[in-house]
Each structure stands twice: as C-alpha cells, then as structure tokens.
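Here are my notes on this model, as numbered points. Please read them with the structure open.

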Amino acid sequence: VVTGGASGIGKAIARAMVAQDMRVIIADLEVDRLHATAQEIGALPVVTDVSKAEQVTALARCERSIRA
C-alpha cells in the first residue's frame, strides 16, 4: 500500500514496487489522477483520505482481501 500514490514520490515508489512484480494498492484523494496512475503503472487504486480513520480501515480491508 502506497499512500499519496497518484503523483510525486508516492507514484515513484509504487512504480518501483510494480516493477518488482508486487501487487500494489495506491491510495490518494485525487480521484482522476489516482485512476490514471493506477492504469499507467498497473496498480489497484483506492480513493482514501488518510485523515479519516474509517477510510484507512477500509483501505486495510482492501489490502487484506488482495492478499487472501
């Protein structure tokens, strides 16, 4: 899971992880950029505001479901 994965350092980290054949979830608030980046690098996008506990909990559930 990479927060802030739609752009900048987060995107670079996510791209590097995907390049190492990892399944990657990118989380971000910027919906359009998030989906574009996910498609570009082959990651799973999850719209998340990390300042909201319920959204972080949902992100964790998503991560657990792809590991299963």
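**A buried aspartate and a helix**

1. D28 is buried yet has no salt bridge. The nearest side chain of opposite charge is that of R33, 7.3 Å away. A salt bridge would need a side-chain nitrogen of Lys or Arg within 4 Å of a carboxyl oxygen. Keep in mind that this is a predicted model.

2. What lies 3.2 Å from a polar atom of the D28 side chain? The backbone nitrogen of A6 does.

3. D28 is found in strand β2. Leaving aside residues up to four places away in sequence, D28 touches G4, G5, A6, L34, V46, V47 and T48.

4. Strand β2 (25-28) also matters for the next element: the buried residues of α1 pack against it, and against β1 (2-3) and α2 (31-41).

5. Helix α1 covers residues 8-19. Its length checks out: at 1.5 Å a residue, the 12 residues should span 16 Å, and the end C-alpha atoms are 17 Å apart, which agrees.

6. Which residues of α1 are buried? They are G10, K11, A14 and V18. Seen down the helix axis, the buried residues of α1 fall within an arc of 95°, so they line one face.

7. The face of α1 turned away from the buried side carries exposed residues: G8, I9 and A19.

8. D21 follows α1. The phi of D21 is positive, near 65°.

Definitions and conventions
Residues are numbered from 1 along each chain as its sequence is written. This is a predicted model: local features need pLDDT of at least 70, side-chain atom pairs count only at pLDDT 80 or more; totals for chains, interfaces and linings use all residues. Side-chain values use heavy atoms; hydrogens and water are left out. Helices (H or I, at least four residues) and strands (E, at least two) are DSSP runs, numbered from the N terminus. The expected span of a helix is 1.5 Å times one less than its number of residues. Buried means under 20% relative accessible area, exposed over 50%, partly exposed in between (1.4 Å probe, protein chains only). The arc is that of the directions from the helix axis to the C-beta atoms. Contact means heavy atoms within 4.5 Å. Lys and Arg count as positive and Asp and Glu as negative; His and the chain ends are not counted. A polar contact is a pair of N or O atoms within 3.5 Å; within protein, one must be able to donate a hydrogen and the other to accept it, and residues adjacent in sequence count only if both atoms are side-chain atoms.
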